[in-house]
Amino acid sequence: MKHLLQYGLIGDPATTLALPAKPDLHVSPDLIATEPTAPVPSDELTTTVRVQNRGLIPDDSVSTRLTWEQPDGRTTRRTRRLDRFALERTLSFSDSLDERAVGTNTFRVTADPTNEYEEANETNNTAERSQVVFDAGVSLLAPRDYGTVDPEQPSLEVVVSGPATDWGDVVLQLDTVPDFSSPARREVRRAADGLRGTWTPSGLSADETYYWRARLAGTDAEAWRTARFTTAPDGGDGAWLQRGQFFATNETTRLQRTDQSWQFGKYARNVLVFSERGQGSRTDGFVVDGTSDYEYLKFGFGVLVVDGLTGEVRGSESFPTYDLPTQWEDYLKERGEFIGDQQEVIDALDTFLDQVPDQGDYVFVRTRHLARQSNASIPQEVKSLFQSLGSSAIDTLTYNHVWALKARKGESGETVERVSPPSEADDVNEITIEAEPDFPHASGATLSPRIGPASEWDTLRWNGATPGTADAIELDVLAADSTVLLDDLTGGAGEQSLESVDATAHPYLYLRATLSDTTARTAPQLDRWGVSYTGVPELVLDPSGLAPLPDTVRQGEPATAALPVVNYGPVESRPVRVRALLEDASNVATPVLTDTLSALPPDGGRDTTTLAVSSTEFPGDNVLRAEAATGGPPERLPSNNTVVRNLYVRADEEAPSLRVLANGRELPPTSDDVTNLQSSELPFVSTEPTLEVFVRDDNPYLALDDTSYVDVYLKGGLPSRGPGLGSDFRRISFADDALTFVPPDSGTADPLRLQFEPSLATRDSTYTLKVEAEDTRGNAVEPYQGSFRVQQEQVIRDVYPYPNPMNTHTTFAFRVEGGRNEALRDFALRIYTLSGRLVRQLEARHLDSPLRVGWNTLRWDGRDEDGDRVATGVYLYRVRIEGAETTFRGDVEKISVIR
């Protein structure tokens, strides 16, 4: 960069620098990873996010938000701040999973979600990734939760699920209480036949609610999967029904389920009672819910009445039950608050306490006995009025006492009093009572659990009781997003067709019941409600099909497995699309299978596709993920539509081996020490040689079946290790008739073979053959360079036996220099005694290999023509070969035999 800047400064027109002017935050699906790859509800799921910045470093930290959307629609959002950064930063989020996460979860990442920064590209800040959480163990297939069964023909069905395949037995329990603690509890073990286990319990009572659960044998209590059902002969299998104790699971608003009945929830009102001697800290005698004030700066006994049923304020008034000075009477008259003389005020208090509060209403009393000119004694008539409300302190009070009362008319046991005597006047100027009485709501609502999924909706039925004239039950049918689909369904019992609800658009429904009683505030009773509907296909991608697939394969090795798909649902499926992806360590997903199976019949219809993965382009850690889907309504148990398997591809990192033969003999590489074109170390070959190149790769799955993997060169002279040692290499084209390419058979360990047959008969010379080769993954072998000599004259040199002296056998070696192999014929090696008697003649058939230019060998076993061992002594031998133009006879040499 420093040098580039310098070039830019000096005005080099060939140099252009593109420096970013803005940040450019970037996230993509391959930058989001989850671990483990096949999570179950007991796991902790870690989501790792790599946020990249492809532009200018931001001025300050950057927000990144992770949104986790679970299968039931619940959404969790978390935001983290990243310090200002260049290139890339990584952050991790951890989540504890539970049963509600079973299914497909979506993790959405947004960089700079509030657009704090103006970026070069605002379209690449969001990406998402899906992760299936598997139901480890069993899933409850039928009856579904809140389902109905025929008590005469009950069938409890489970399907084993999760990434494992060694399931073992399934334990099932049945009981009438939700904690499975009653003496009536029953338990069985069932083997999973394929993927499904079935139990048909006998002796079920009609119109009874039951709880059932299942888990794999050997797993802990957390592995139980629980559901409930009702035996309803008239309801038939498949209906959704909620009644009795099943209502306890509902969401409620201002309504609660206790025992076997509905009751309105209660709300509290805060009432503050303030009594004072004068100059108090408050101006109002009563404050309700912190906002409503009553009896502002009034004299005497202040009284507030609150309806004991509704919590509404029924009335308030202040009663100075003593004589007032004239000026204060005139003041109250001007304000319209003057009641009369002392007796008239006492009579008004009597009337108020008799007519305003009903039985059960709350009565609050405070004192502010100011502007009094009569004595301090409270008339007995006044005391009697408060004694009737349950006051015990009033009998001893005077107007000089500060007193506060909370009472409930007709219920003396709820009376609360506070008193401050005159002796405390110097220390206590005011007292309070703060109360929070409860009142029932006039209406409340209950929301059912989610119902469905359905392929067709049928009928809604409900039954309840509305005994009072003000009692009402109103039902609404809601979509999954809370949109009201049907409303104004009223009455204690009823029936409503749901055929108008499009199950394609609304595969799930909720029911909402609003119970109201505006008079007595006793909730009407909804006893049961139910929905009949047609279910959906329930596909299961059988994970046992992947069991034969090895965890580790060699690069290029095909990975093949069956993918059976089963429909355990009550209706026929649509055509099933099976899709498989291979995700590498960089989170890049590559489709490896897309297939469409025919529609599967209900209740166990099965079909199978075959997965064949070529591992050539996927070295290292991979995750194989296959899923089956119909494109129809959502399934109730979606997690078993997916199977996951780790697949490690052992990378091919070894270079192939290379051999070169000249007329069937190894042609070794030329040593660096050879600098003489006529060096004795250089082998002779025929002037029309057959040079063979063998390139062998130990990986049989990556065949060397193309000419691009090998190159052949030829030059005159030795290898180019210095100046003046020969001509340049000439690459031999595969279009040249002298070069033949023979690929190995597919799937075998046979080598790639080249046959090079150059014509070198024009002159005596030294040649060098160079071979460069690599395998399909680019692993190159050390280039081969081997030199050899050719000459036109054909001669025999260096005939010698070894060992010499010999005992039982010896090997004769000799070298033919020059000419063509085809010109050599009529070979003979004759062995004589010293007197000239022929002992043995060895011919071409005795040679270890066919006679050729270069070194030749043959073995003599020390026997004569009759097969007898020759005696100890010295023998003579001589070689003769018929050449192209003359006969070559070697010198007569000696060999000794020692017995």
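Predicted model: local features only at pLDDT ≥ 70, side-chain atom pairs only at ≥ 80, totals over all residues.
Residues are numbered from 1 along each chain as its sequence is written, and side-chain values use heavy atoms, with hydrogens and water left out.

**View 1. Tyrosine 267 and phenylalanine 439 make a tilted ring pair.** Rings of Phe, Tyr and Trp (its six-membered ring) pair if their centres lie within 6.5 Å; planes under 30 degrees apart count as stacked, over 60 as edge-to-face and the rest as tilted. The count by this rule comes to 25 aromatic pairs. Here the centres are 5.9 Å apart and the planes sit at 45 degrees, so the pair is tilted. It links distant parts of the chain, 172 residues apart: tyrosine 267 is in strand 21 (residues 266-268) and phenylalanine 439 in strand 31 (residues 438-440). Helices (H or I, at least four residues) and strands (E, at least two) are DSSP runs, numbered from the N terminus. Phenylalanine 439 is buried at 0% relative accessibility, while tyrosine 267 is partly exposed at 25% (buried means under 20% relative accessible area, exposed over 50%, partly exposed in between, with a 1.4 Å probe and protein chains only).

**View 2. Tryptophan 328 and tyrosine 331 pair up edge-to-face.** Their centres are 5.5 Å apart, with 85 degrees between the planes. Both lie in helix 2 (residues 326-335), 3 residues apart, about one turn of the helix. Tryptophan 328 is partly exposed at 31%, and tyrosine 331 is partly exposed at 35%.

**View 3. Aspartate 112 is buried in a loop.** The loop runs between strand 7 (103-111) and strand 8 (126-133), and aspartate 112 has 2% relative accessibility. Leaving out residues up to four places away in sequence, aspartate 112 touches Leu25, Val62, Ser63, Tyr117, Glu119 and Asn125 (contact means heavy atoms within 4.5 Å). The backbone nitrogen of tyrosine 117 lies 3.1 Å from a polar atom of the aspartate 112 side chain. The C-alpha atoms of aspartate 112 and asparagine 125 are 7.3 Å apart.

Terms used:
Polar contact = N/O pair within 3.5 Å; in protein donor to acceptor, adjacent residues only side chain to side chain.
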